[in-house]
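Biologist: I'm new to this one. Can you put it on screen and walk me through some of the packing?

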Amino acid sequence: MVEAGRLVGVDFLVDVVMNSKGDVAKVVVGEPEAAHAAARAFWDEHSIVRVRERADLVIASAGGHPKDIDLYQAYKAQYTAARAVRDGGMIYLLAACPDGIGHRVFQDWIERCARPADVLCLLDREGFKLGGHKAVYHAQDLSRIDVYLQSELPAETVSRFFYRAAAAPHAVLDEARERLVLNTAFSSCRTRGRPFLS
């Protein structure tokens with residue numbers, strides 16, 4: 001974006017940072033790179049939660065409708081949760097996905113592959129494609145963790161996208177207890193303890 005802005009001669013920026021309620025939390029103006037850097041710094045100060053130690057199990061939600069309208073949108077919660085899970089750990093993702101998958105390229109890249117590692121081969125062969133990038137991130141996640149998905153998607157769709165179907169929390173928690181030594185200090189940590197500029 002910076003390169004594109006320079007190519008077309010963008011020399012002034014007016015932008016906003018929104019809070020979790022959709023209200024304007026900050027307005028930045030000025031030289032584009034400096035103004036954007038100020039917006040990023042504000043965002044980081046008010047929204048990043050530092051993870052002291054990766055967990056065995058992370059329970060994640062996209063935040064309900066419309067953030068989990070489809071799997072493409074709900075994946076954002078998985079992406080963030082994956083950064084807080086140790087190698088060999090688990091994510092329990094709750095996302096309704098009433099509109100299905102949500103992005104043609106994301107769906108195509110997954111459905112053309114027999115296993116997650118094949119998605120990376122698609123990237124090598126075809127290069128970057130919007131939508132395919134989430135399939136790549138998903139494949140990278142699955143190379144080191146298991147992701148259980150509880151959703152309205154049919155079970156065959158869940159498994160086709162390399163998730164493990166979860167019908168109820170107790171089944172996932174029981175499996176986690178069997179497979180993992182849960183880190184009780186971390187499992188009691190609440191990352192939503194301070195809502196962004198509420």
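Biologist: At what angle do the axes of helix 5 and helix 6 cross?

Modeller: Keep in mind that this is a predicted model. The axes of helix 5 (residues 116–126) and helix 6 (residues 132–142) cross at roughly 140°. They come within 8 Å. That angle makes helix 5 oblique to helix 6.

Biologist: Is the crossing of helix 5 and helix 6 left-handed or right-handed?

Modeller: Left-handed.

Biologist: Which residues in helix 5 and helix 6 meet?

Modeller: From helix 5, Pro-116, Val-119, Leu-120 and Leu-123. From helix 6, Ala-135, Val-136, Ala-139, Gln-140 and Leu-142. By class, this contact has 8 nonpolar residues, 1 polar and no charged ones.

Biologist: Now helix 4. How does helix 4 pack with helix 6?

Modeller: Helix 4 (residues 104–111) packs at an angle of about 45° to helix 6. Their axes are 7 Å apart. The two helices are therefore oblique to each other.

Biologist: Which residues meet there?

Modeller: Val-105, Phe-106, Trp-109 and Ile-110 come from helix 4. Helix 6 brings Gly-132, Lys-134, Ala-135, Val-136 and His-138. The contact of helix 4 with helix 6 has 6 nonpolar, 2 polar and 1 charged residues.

Biologist: In which sense does strand 3 pair with strand 4?

Modeller: Parallel, over 6 bridges. Strand 4 covers residues 85–94. Ser-61 stands opposite Leu-94 in strand 4.

Conventions: Residues numbered from 1 in each chain as written. Predicted model: local features only at pLDDT ≥ 70, side-chain atom pairs only at ≥ 80, totals over all residues. Heavy atoms only, no water. Axes fitted to C-alpha atoms, helices over the stretch in contact; angles between N-to-C directions. Helix = DSSP H or I, 4+ residues; strand = E, 2+ residues; numbered from the N terminus. Parallel < 35°, antiparallel > 145°, perpendicular 65-115°, else oblique. Left-handed = near helix turned anticlockwise from the far one by under 90°. Contact = heavy atoms within 4.5 Å. Nonpolar A, V, L, I, M, F, W, Y, C, P; charged D, E, K, R; others polar. Pairing = 2+ DSSP bridges.
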